[in-house]
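This briefing concerns a single predicted model.

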Amino acid sequence: MDLQIRGKKALMAGGSAGMGRATAERLAEAGVELYISARREERLRNAAKEMSDKYGTTVTPIVADSSTEEGRKALFSACPDPDILAITIKPPAPNGDFLEVTPEMWRDSIDTALIGPIEIMRNYIPVMKKKGWGRIVNIATFSAKNPMIWRLMSGPARSALINYTASVSREIAQHGVNINNILPGMFATEGAEELMETYAEAFGLEKSEEVIIAHFMEHNKIPAGFQAVADDMAPMAALLCSPLSRFIVGQNIVIDGGQHHSLF
């Protein structure tokens, strides 16, 4: 399918690994001028070079932590006028006893998963409105609408984010600028793998991969029968970044193998 975005400028915040990298790959494949950001410089620069070599398009790395004001300024300076904006963050660590969640932990979650994306969107929406076209996609989490006690550091902040985007998207759609969200379920990504030890600690498990995975699959029933990989989500993200999604406004698309039991 031709996504009709060849030659457009796209910024993937959080694009060096996992779902961000998979989405960036799809955008590069479609022929955009691509900018990707992340905190880990070596991995980021390697990802940019690999995508540029593979797809023959310009991929510019931006070393930045978008949860901070300094990091966001680096994004805005390096890529002041994207047509397409996609945002993802590193998954917050699982929490164990909810009574041990501190105000500092909440503040960190809100800075990263709510304020960071909002401030990036707030900067670029006027640019897109002036152009008369733009696409914004937040890659969030299905725990935004499927409460999970062990994902308190992930779900509530993203619930607020999708509330915000639902409101704002309906204000700006008349200008050709659409915001939508993807709510992924349980995916096997680099970020998820890095949290395995923390997951074990949250549930008091033996720190062996076999024990952790067995516990995870038992307590997270996925009707599809497997954990997804990042590219099970990326084609939908790329579609939402294209003109083909012009009538999709303010939606939250769950991609979870059927785990979330809801009609809507």
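Helix H1 passes helix H2 in a right-handed crossing. In this predicted model, the contact draws on Arg 21, Ala 24, Glu 25, Ala 28 and Glu 29 from H1, and on Ala 47, Glu 50, Met 51, Lys 54 and Tyr 55 from H2. By residue class, the contact of H1 with H2 comprises 5 nonpolar, no polar and 5 charged residues.

**Geometry of the helix pair**

- H1 covers residues 18-29 and H2 covers residues 41-55.
- Their axes come within 10 Å and cross at roughly 30°.
- Because angles under 35 degrees count as roughly parallel, H1 is roughly parallel to H2.

**Helix H1: length, burial and what follows**

- The 12 residues of H1 reach 17 Å from the first C-alpha to the last, which is close to the 16 Å expected at 1.5 Å a residue.
- H1 is largely enclosed by the rest of the structure, because 10 of its 12 residues are buried.
- The buried residues of H1 are Gly 18, Met 19, Gly 20, Arg 21, Ala 22, Thr 23, Ala 24, Glu 25, Leu 27 and Ala 28.
- Arg 21, Ala 24, Glu 25 and Ala 28 are among these buried residues, and they also take part in the contact with H2.
- An α-helix has 3.6 residues a turn, so residues three or four places apart point the same way.
- H1 is followed by Gly 31, which has a positive phi, near 95°.

**Ile 62 in strand S3**

- Ile 62 lies in strand S3, which spans residues 59-63.
- With a relative accessible area of 6%, Ile 62 is buried.
- Neighbours within four places in sequence aside, the contacts of Ile 62 are Leu 11, Tyr 35, Ile 36, Ser 37, Ala 38, Leu 44, Ala 74, Leu 75 and Ala 78.
- One of these contacts, Leu 44, falls within the residue range 41-55 of H2.
- Ile 62 and Met 186 are 124 residues apart along the chain, and their C-alpha atoms are separated by 28 Å.

**Gln 259 after strand S7**

- Gln 259 is found in the segment that comes after strand S7 (252-255).
- Its relative accessibility is 11%, so Gln 259 counts as buried.
- Not counting residues up to four places away in sequence, Gln 259 touches Phe 142, Met 148, Met 186, Asn 220, Lys 221, Ile 222 and Pro 223.

Definitions and conventions. Residues numbered from 1 in each chain as written. Predicted model: local features only at pLDDT ≥ 70, side-chain atom pairs only at ≥ 80, totals over all residues. Heavy atoms only, no water. Axes fitted to C-alpha atoms, helices over the stretch in contact; angles between N-to-C directions. Helix = DSSP H or I, 4+ residues; strand = E, 2+ residues; numbered from the N terminus. Parallel < 35°, antiparallel > 145°, perpendicular 65-115°, else oblique. Left-handed = near helix turned anticlockwise from the far one by under 90°. Contact = heavy atoms within 4.5 Å. Nonpolar A, V, L, I, M, F, W, Y, C, P; charged D, E, K, R; others polar. Expected span 1.5 Å × (residues − 1). Buried < 20%, exposed > 50% of the residue type's maximum accessible area, 1.4 Å probe, protein only.
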